[in-house]
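Please keep the sequence and the structure at hand while reading.

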Amino acid sequence: MTSLILIIISGVLVNNLVMSQFLGICPFLGISKKTETAFGMGMAVTFVMVLASVITYLIRAYLLLPFNLEYMQTIAFILVIAVLVQTVEIVLKKVSRSLYQALGVYLPLITTNCAVLGVAISNTTAVEGGYNLIQSAVNGLAGALGFTLALVAFAAIREKLAMNDLPKWMDGFPGALIAAGLMAVAFQGFAGLI
Amino acid sequence: MKQKKSIGTVFKNGIFAENPTFRLVLGMCPTLAVSTAVFQGLGMGLATTFVLVFSNFVIALLRNIIPDKVRIPAFIVVIATFVTIVDLMLKAFIPSLSESLGIFIPLIVVNCIIFARAESFASKNSVLLSITDGLGMGLGFTLGISLLSACRELLGNGTLLGIQVMPESFQPMAIALRPPGGFIMLGILLIIINAAGKAIAKRKVMKAKEAEL
């Protein structure tokens with residue numbers, strides 16, 4: 001149990017995907033102009049990341065390892081994630097219209113979100129022999145929550161920034177990157193937590 | 001195609017006009033994550049270039065065979081194949097680099113530059129042009145990531161490629177090597193490059209006006 005709590009704290013705060021591991025920077029910079037869309041993206045990532053952690057664990061444990069196919073890991077994982085994203089999109093469309101409207105637009109973007117593949121791979125390398133099923137799922141959840149936290153907080157900062165009179169040379173990406181850098185300084189403060 | 005693209009312009013396009021790091025702002029994850037030392041940045045850039053050239057080559061070859069509906073999974077398989085090749089080769093021949101780049105080698109698969117070039121260039125152009133585009137874009141990316149890592153290594157460690165450059169009295173700024181340093185340094189580089197780009201464009205306009213007179 002303590003190990004699970006440690007995984008959560010580490011995933012959300014200390015080893016935050018965006019702020020200290022540099023995973024998922026593209027959506028972090030691209031979809032952070034409004035808090036609402038940032039939250040939608042965060043939820044979609046959470047959904048996919050937990051599912052992907054579980055499924056890639058199963059694939060690795062029951063398909064890749066027994067047949068000595070570890071070198072196929074990258075191809076297998078990325079295909080599974082691509083298929084998973086498509087399936088989730090189709091299922092959501094049929095089952096829950098409202099949920100599809102909330103998350104649907106973000107789903108196609110998730111295939112190339114390196115955070116999902118990053119978490120799936122780090123599940124296998126984090127400890128000797130990789131996390132077990134429950135730890136993988138929790139690690140996926142924690143990583144996704146950390147991603148959502150960073151994304152929503154950053155979107156809130158950018159909403160405020162948009163109101164301000166920034167010098168012209170700071171407009172757009174340079175300003176956003178420097179704001180993200182200052183936010184990363186704050187996340188560095190969690191480093192001593194565990 | 002109406003406009004004939006020459007190999008030279010396609011090649012230069014990737015390095016200058018559409019530099020992936022500074023102009024398109026694509027592939028930021030590896031750019032920020034591994035740019036703490038020039039050796040790592042250069043290695044990452046060249047590994048990405050390799051994948052980019054070969055995936056562009058294969059996708060351009062297959063561009064008329066792959067059905068439109070399944071093109072995305074097909075691209076992913078091609079790209080992942082070459083990433084696996086790079087991964088295994090680095091592990092075998094340069095294990096130290098493979099270790100320091102770690103998870104970011106397999107993550108070349110989801111580097112947006114490679115996918116963007118496959119989708120927007122290689123699937124529409126001839127094989128030769130696609131290889132050139134892959135090479136130009138890859139070298140542009142290598143240039144961007146090496147420049148950023150040079151700045152970070154110089155300020156954070158006082159060295160370049162592991163060789164001491166700064167005088168003894170220089171106090172290394174540890175923050176340049178930490179994640180915040182990566183974000184801020186890239187922001188500053190973008191400001192400088194945008195300003196330079198604008199100055200060059202202005203000069204071109206002035207010259208054109210002078211030529212008119």
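How many salt bridges are there between chain B and chain A? The count is zero. The model is predicted, and the sections below describe what was computed from it.

## Contact between chain B and chain A

Chain B puts 33 residues into the contact, and chain A puts in 35 residues. The size of an interface is often given as the accessible area lost when the parts come together. For chain B and chain A the buried area is about 2900 Å², and carbon and sulfur atoms account for 86% of that area. On the side of chain B, the residues that lose the most area to chain A are B:Cys29, B:Val110 and B:Phe183; together they make up 22% of what that side buries.

## The side of chain B that touches chain A

Four helices of chain B each supply at least two residues of this side: H2 (28-33), H4 (71-93), H6 (112-122) and H8 (179-212). The largest share, ten residues, comes from H8(B). Sorted by class, the side of chain B that touches chain A has 27 nonpolar residues, five polar residues and one charged residue.

## Helix H3 of chain B

Helix H3 of chain B covers residues 38-61, which is 24 residues. At 1.5 Å a residue, a helix of this length should span 34 Å, and the end C-alpha atoms of H3(B) are 34 Å apart, so the two values agree. H3(B) is mostly covered, with 17 of its 24 residues buried.

B:Ser55 lies in this helix. Is B:Ser55 buried or exposed? Its relative accessibility is 0%, and B:Ser55 therefore counts as buried, the cut-off being under 20%. Apart from neighbours within four places in sequence, B:Ser55 is in contact with B:Val78, B:Ile79, B:Phe82 and B:Ile114.

## A:Lys93 in chain A

Where is A:Lys93 placed? A:Lys93 belongs to helix H5 of chain A, residues 73-95. Because its relative accessibility is 44%, A:Lys93 counts as partly exposed; that class lies between the 20% limit for buried and the 50% limit for exposed.

A:Lys93 and A:Asn164 are 71 residues apart along the chain, and their C-alpha atoms are separated by 40 Å.

Methods. Residues numbered from 1 in each chain as written. Chains lettered and ligands numbered in written order. Predicted model: local features only at pLDDT ≥ 70, side-chain atom pairs only at ≥ 80, totals over all residues. Heavy atoms only, no water. Expected span 1.5 Å × (residues − 1). Buried < 20%, exposed > 50% of the residue type's maximum accessible area, 1.4 Å probe, protein only. Contact = heavy atoms within 4.5 Å. Buried area = accessible area lost by both parts, 1.4 Å probe. Salt bridge = Lys/Arg side-chain N within 4 Å of Asp/Glu carboxyl O. Nonpolar A, V, L, I, M, F, W, Y, C, P; charged D, E, K, R; others polar.
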